Amino acid sequence: MKLIKIGIDDAEKLWKMQIEAFYDLYEKYQDAETSPATEKIDKIIMRLNQSFTYYYFIEANGIIVGAVRVVDRQEEGMAKRISPVFIMKEYRNKGYAQKAIQLVEEIHGSSNWELNTILQEKGNCYLYEKMGYHQTGKTETINNKLTLVFYRK
């Protein structure tokens with residue numbers, strides 16, 4: 001498995017994958033304000049143009065199975081952020097997200113990370129905790145179905 005840096009030319013492909021990957025969670029939680037499934041392509045393009053944002057396709061066996069975004073301002077004391085990481089539905093539960101996180105930590109450094117996820121998605125919480133992330137105690141209620149939980153490593 002490997003990560004492939006995404007350039008502006010792949011913005012539409014990334015955007016379509018993101019919508020598809022997050023659609024089921026959007027349907028479940030109806031979080032129109034915060035769901036990556038409802039983001040406009042302009043937001044992806046804006047992020048791709050940020051000097052501190054790194055998007056990578058996650059490739060396994062020659063197939064793009066997902067993507068991950070890393071925010072790394074490369075400033076002393078400033079936490080790096082994973083937001084979002086996703087695996088396409090048909091490739092989930094094969095260890096790809098775990099391996100992708102390991103690879104971004106190899107590229108960007110193994111300490112001083114933060115992320116958030118849906119508290120109600122126990123599998124996501126388990127993955128991050130298994131990877132050494134710890135809940136900060138901060139949560140944010142988005143609606144009566146969804147609460148974000150914040151992690152640090």
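Modeller: Contact here means heavy atoms within 4.5 Å. The model is predicted, with local features requiring pLDDT of at least 70 and side-chain atom pairs counting only at pLDDT 80 or more, while totals for chains, interfaces and linings use all residues. Residues are numbered from 1 along each chain as its sequence is written, and side-chain values use heavy atoms, with hydrogens and water left out.

Biologist: Which residues does Y133 touch under that criterion?

Modeller: Leaving aside residues up to four places away in sequence, Y133 touches I82, I101, E105, W113, L115, Y128, Y151, R152 and K153.

Biologist: What makes a group of residues a nonpolar core?

Modeller: The members must be buried Ala, Val, Leu, Ile, Met, Phe, Trp, Tyr or Cys residues, joined through side-chain atoms within 4.5 Å. The largest such core has 26 residues, and Y133 is among those that touch the most other members, together with L3, I58, V68, I82 and V104. At least two residues each come from β2, β3, β4, α3, β5, α4 (122-130) and β7. Helix α3 supplies the largest share, six residues. A separate second core holds 21 residues, including I6, A11, M88 and F150.

Biologist: Why is N93 called exposed?

Modeller: Relative accessible area defines the classes: buried is under 20%, exposed is over 50%, and partly exposed lies in between (1.4 Å probe, protein chains only). N93 has 83% relative accessibility, so this residue counts as exposed. N93 sits in the loop between β4 and α3, and its phi, near 65°, is positive although N93 is not a glycine.

Biologist: What makes N112 partly exposed?

Modeller: N112 is partly exposed because its relative accessible area is 22%. N112 lies in the loop between α3 and β5 and, without being a glycine, has a positive phi of about 65°.

Biologist: How do you know that strand β4 is largely enclosed?

Modeller: Helices (H or I, at least four residues) and strands (E, at least two) are DSSP runs, numbered from the N terminus. Of the eight residues of β4 (residues 80-87), six are buried, so the rest of the structure largely encloses this strand. P84 belongs to β4, and the peptide bond joining S83 and P84 is cis, with omega about -5°.

Biologist: What makes β3 and β4 a pair, and in which direction do they run?

Modeller: Two strands pair if DSSP finds at least two bridges between them. Five bridges join β3 (residues 63-71) to β4, so by that definition they pair, and they run antiparallel. V71 stands opposite R81 in β4. Two bridges join β4 to β5 (residues 113-118), which run parallel, and here R81 stands opposite E114.

Biologist: Why is the unit of β4, α3 and β5 called right-handed?

Modeller: The term applies because, with the strands pointing away from the viewer, the path from the first strand over the helix to the second runs clockwise. β4, helix α3 (residues 96-108) and β5 form such a right-handed β-α-β unit.

Biologist: What makes β1 and β6 edge strands?

Modeller: The open sheet has seven strands in the order β1-β2-β3-β4-β5-β7-β6, with mixed pairing. β1 (2-5) and β6 (134-141) each have a single partner strand, so one side of each is left without a neighbour in the sheet.
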